[in-house]
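Hello,

Here is the model we talked about handing over. Please open it alongside this note and follow the residues as you read.

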Protein chains: 2
Amino acid sequence: MNANKIPDIIIGRLPVYLRALQRMADSGLKTTSSQELGELVGVSAAQIRKDISQFGEFGKQGTGYAIVYLIEKLRGILKVDKIWDVALIGAGDMGHALAHYQGFANRGFRVVMVFDNDKSKIGKNVGEFTIEDTAHLVERIKPAGIKTAMLTVPATAAQSVADQLIQAGVKAILNYAPISINVPNNVKVQYIDPSIHLQRMTFYL
Amino acid sequence: MNANKIPDIIIGRLPVYLRALQRMADSGLKTTSSQELGELVGVSAAQIRKDISQFGEFGKQGTGYAIVYLIEKLRGILKVDKIWDVALIGAGDMGHALAHYQGFANRGFRVVMVFDNDKSKIGKNVGEFTIEDTAHLVERIKPAGIKTAMLTVPATAAQSVADQLIQAGVKAILNYAPISINVPNNVKVQYIDPSIHLQRMTFYL
DNA sequence: TAGATTGTTAATCGATTAACAATC
DNA sequence: TAGATTGTTAATCGATTAACAATC
């Protein structure tokens with residue numbers, strides 16, 4: 001298994017498989033098949049098998065995959081068998097929702113810091129966090145060794161905050177700002193923009 | 001131009017082009033090239049040209065694309081040259097953030113109804129909306145002709161709410177619930193799950 | 001005109017599917 | 001054993017890139 005050779009499109013499907021498997025495990029199921037999992041997530045059985053087999057032989061002919069075992073393997077592959085500290089920049093409505101979000105538990109992440117550049121917000125609390133000044137972002141994130149951040153600032157601020165995050169050593173940015181940002185090759189960005197996602201569907205209406 | 005022949009992966013890039021073009025227009029630019037736009041959004045110039053040329057000849061040799069004209073065309077293609085009414089189901093933190101979200105303006109959408117099944121929330125206000133009972137979802141959405149909805153309910157409720165939305169005639173669902181849902185072929189779903197997006201990046205850390 | 005840039009073709013590259021031997 | 005299902009190969013399908021004539 002050489003990470004460099006695995007297509008990113010396969011990596012993108014693994015978290016979806018993992019989510020479905022965890023749900024199966026929660027409901028008490030012990031084993032599943034590529035066909036059953038495929039129906040659940042909307043992917044062909046052949047593709048499920050091909051994707052998983054990139055990383056090892058985790059199934060058994062005749063019986064399929066042991067769910068808990070496969071979950072362990074996928075968590076290891078995706079490196080979410082540990083908890084990643086996440087910095088949140090932008091304490092608007094979306095930032096608040098993410099600071100309170102329960103969906104990071106057991107998925108490998110926890111928010112540990114919240115920043116904003118609005119003087120009227122700095123020092124206030126969001127859930128269990130005290131909003132810090134974005135001006136201190138680098139000096140706070142770098143020594144903490146934080147590699148992951150979520151960006152919920154206005155589009156106009158996104159690139160400059162992203163630059164600071166990169167300077168602070170962040171290598172993965174989940175960008176909620178409605179703008180494409182430029183980052184070095186060794187930094188990953190994922191985009192969440194509800195308008196973009198909706199516009200992708202209206203074409204078919 | 002036959003919609004059925006356009007690959008979905010191209011449709012998925014058009015909103016990103018549109019977003020960048022609108023930003024260019026806002027900053028006063030008049031024309032752009034496939035190369036300039038490509039650098040901005042992280043796509044090759046050849047791909048930009050190929051994607052756009054699926055729908056017509058919108059550029060000019062030597063000078064490139066007139067930004068406002070291309071915006072008009074893309075908005076027409078994506079059918080966001082009108083405003084789509086959107087129903088929001090789930091008035092938790094994420095639902096509140098989306099109800100207040102300013103980012104739908106000028107992008108083709110507006111939230112018009114908010115539902116929840118929590119008796120303690122029904123009747124309360126979220127921004128300009130009064131939270132309605134999910135039990136009345138079909139009878140409210142269907143006569144209003146709403147085709148687009150956002151789902152911010154718990155995973156356990158997602159499939160049954162999706163079924164009701166489909167019954168109400170909704171054809172496009174933006175699903176924030178952390179679970180894959182099954183829908184008929186003529187209904188589109190897009191998924192937003194911050195943990196999934198983060199897990200897609202931790203592989204590379 | 002000379003330079004720039006499109007739209008499109010052909011070539012390349014990559015992803016998905018079908019099929020089946022291996023084997024639990 | 002018989003049935004089920006994996007892992008993998010080869011074939012198919014689809015997407016991206018490179019290159020360039022057309023032309024603004």
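A residue counts as near a molecule or strand if one of its heavy atoms lies within 4 Å of it. With that cut-off, H3(B) gives the most to the surface near DNA strand D, with 4 residues. Bear in mind that this is a predicted model.

**DNA strand D**

How many residues surround DNA strand D? There are 25. The closest are Ser34(A), Arg49(A), Gly59(A), Tyr65(A) and Lys60(B). By class, the residues of this surface divide into 5 nonpolar, 12 polar and 8 charged.

Of the atoms of DNA strand D within 4 Å of the protein, 62% belong to sugar or phosphate. The rest belong to bases.

Phe58(A) uses its backbone, with an N or O atom 3.0 Å from a phosphate oxygen. Gly59(A) also places a polar backbone atom 2.8 Å from a phosphate oxygen.

Which elements give two or more residues to this surface? From chain A they are helix H3 (45–53), strand E2 (59–60) and strand E3 (64–66). From chain B they are helix H1 (8–26) and helix H3 (45–53).

**The sheet in chain B**

Chain B has an open sheet of 6 strands. The order is E8-E5-E4-E9-E10-E11, and the pairing is parallel. Why do E8 (132–133) and E11 (188–191) each have one side without a neighbour in the sheet? Both strands stand at the edges and have a single partner strand each, so one side of each is left open.

Further in, take one pair. Strand E4 (residues 84–89) and strand E5 (residues 109–116) of chain B pair in the parallel sense over 6 bridges.

**Two helices in chain B**

Now go to helix H6 (residues 137–144) and helix H7 (residues 155–167) of chain B. Their axes come within 8 Å and cross at roughly 35 degrees. The crossing is right-handed.

H6(B) brings Leu137(B), Val138(B), Ile141(B) and Lys142(B) to the contact. H7(B) brings Val161(B), Gln164(B), Leu165(B) and Gln167(B). By class, the contact has 5 nonpolar, 2 polar and 1 charged residues.

Best wishes

Notes: Residues are numbered from 1 along each chain as its sequence is written. Chains are lettered from A and ligands numbered from 1 in the order in which they are written. This is a predicted model: local features need pLDDT of at least 70, side-chain atom pairs count only at pLDDT 80 or more; totals for chains, interfaces and linings use all residues. Side-chain values use heavy atoms; hydrogens and water are left out. A polar contact is a pair of N or O atoms within 3.5 Å; within protein, one must be able to donate a hydrogen and the other to accept it, and residues adjacent in sequence count only if both atoms are side-chain atoms. Ala, Val, Leu, Ile, Met, Phe, Trp, Tyr, Cys and Pro count as nonpolar, Asp, Glu, Lys and Arg as charged, and the others, Gly among them, as polar. Two strands pair if DSSP finds at least two bridges between them. Axes are lines fitted to C-alpha atoms, for helices over the stretch in contact, and angles run from 0 to 180 degrees between N-to-C directions. A crossing is left-handed if the near helix is turned anticlockwise from the far one by less than a right angle, and right-handed if clockwise. Contact means heavy atoms within 4.5 Å.
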